[in-house]
Amino acid sequence: MSYGGSYSSTFVVDQSKLVAAEEEYDRMIETYKTIVERCRRKCIPSNYHEPDLHKGEMVCIDRCVFKFAKVQQMLVPKMEASFERFKNLGAHADEMPSTL
């Protein structure tokens, strides 16, 4: 019984989902890089002499990452709501947006 290639003929990849997944992955990587760069700059001095972090630096990094994640959790729903309002602007051509 041969299993080689039996799944490849039945597996169909939706290109739009693949593109969306790649974009989400890129956003996650950018977010990770931003967290690392900002928290490192804030919590770790540039002239360190020890190979390991000391307690204060570890606590600072933990708090920095937590705050960054908390702010992201608060911003995402607001940004999604704003996007929905913006997307719905063109839905009713006879209505003028309140900001104009």
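Reader: How much space lies in the largest pocket?

Author: Rolling a probe the size of a water molecule over the atoms shows where empty space is left. In this predicted model, the largest pocket holds about 210 Å³ of space. A pocket here is an open set of points, on a 1 Å grid over the protein atoms alone, where a 1.4 Å probe fits, with protein on both sides within 12 Å along at least five of seven lines, and lining residues have an atom within 4 Å of a point; the volume is the space filled by probe spheres set on the points, which are joined across faces, edges and corners.

Reader: Which residues line the largest pocket?

Author: Its lining is made of Glu24, Arg27, Met28, Thr31, Gln72 and Val76. The elements that give two or more residues to this lining are helix 1 (15-43) and helix 2, where helices are DSSP runs (H or I) of at least four residues, numbered from the N terminus. Helix 1 supplies the largest share, 4 residues.

Reader: Is Met79 buried or exposed?

Author: Met79, found in helix 2 (residues 55-88), is exposed because its relative accessible area is 55%, and exposed means over 50%, buried under 20% and partly exposed in between, with a 1.4 Å probe and protein chains only. Of the 100 residues of the protein, 7% count as buried.

Reader: What should I know about the numbering and the values?

Author: Residues are numbered from 1 along each chain as its sequence is written, and side-chain values use heavy atoms, with hydrogens and water left out. Local features need pLDDT of at least 70 and side-chain atom pairs count only at pLDDT 80 or more, while totals for chains, interfaces and linings use all residues.
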